Amino acid sequence: MAEKYEESVMAMPMEQKRGDKGVATSIFTNEIGNPIRVRVEETQDTGTNAKTQKRSTFNAVKIVIEGPTSISENTLTRQEAFELLRCLQQMF
């Protein structure tokens, strides 16, 4: 299964597609030998304020981490993404 995944990941274009705002991609082999693809892209999302129940559209950051047996996807506000980056920088 890892071979099929690695072949499909390696076939993906690395350059930005026309119309992409901001995209960053990293493909690597993790500590246990699995091929991993991380993609971070600027996007827009909608959310509801917990206090006011007001719906808003906001600039967001979508993070996708794909491996041969799992996928993780999360959309964060830009401030949440910045705070995650800050915490990761403190760890490493």
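Across the whole structure, a search turns up 5 salt bridges, a salt bridge being a side-chain nitrogen of Lys or Arg within 4 Å of a carboxyl oxygen of Asp or Glu. Before you click on anything, note that this is a predicted model, where local features need pLDDT of at least 70, side-chain atom pairs count only at pLDDT 80 or more, and totals for chains, interfaces and linings use all residues. Residues are numbered from 1 along each chain as its sequence is written, and side-chain values use heavy atoms, with hydrogens and water left out.

**Start with the whole chain**

Turn on the cartoon view. Helices (H or I, at least four residues) and strands (E, at least two) are DSSP runs, numbered from the N terminus. Of the 92 residues, 20% count as buried; buried means under 20% relative accessible area, exposed over 50%, and partly exposed in between (1.4 Å probe, protein chains only).

Now switch to a surface. The accessible surface of the chain is about 7400 Å², and carbon and sulfur atoms own 51% of that. Areas like this come from the Shrake-Rupley method with a 1.4 Å probe, and for residues only the protein chains shown count as cover.

**Select 23-29 and 35-48**

Residues 23-29 are strand 1, which pairs with strand 2 in the antiparallel sense over 7 bridges. For strands to pair, DSSP has to find at least two bridges between them. Follow the chain through the hairpin: 5 residues sit between the two strands, and glycine 33 in the turn has a positive phi of about 90°. Then pick out isoleucine 27, which stands opposite arginine 37 in strand 2.

Show both side chains. Arginine 37 and glutamate 66 meet in a salt bridge, at 2.8 Å from N to O. Arginine 37 belongs to strand 2 (residues 35-48) and glutamate 66 to strand 3 (residues 55-66), so this pair ties together parts 29 residues apart in sequence. Is arginine 37 buried or exposed? Arginine 37 is buried, at a relative accessible area of 11%.

What does isoleucine 65 touch, leaving aside residues up to four places away in sequence? The list is Ile36, Arg37, Val38, Ser70, Ile71 and Ser72, with a contact meaning heavy atoms within 4.5 Å.

Lysine 62 is partly exposed at 24%, whereas glutamate 73 is exposed at 51%.

**Finish on 78-91**

This stretch is helix 2, where glutamate 83 and arginine 86 lie 3 residues apart, separated by about one helical turn. Their side chains meet in a salt bridge, 2.8 Å from N to O. Both ends count as partly exposed: glutamate 83 at 30% relative accessibility and arginine 86 at 37%.
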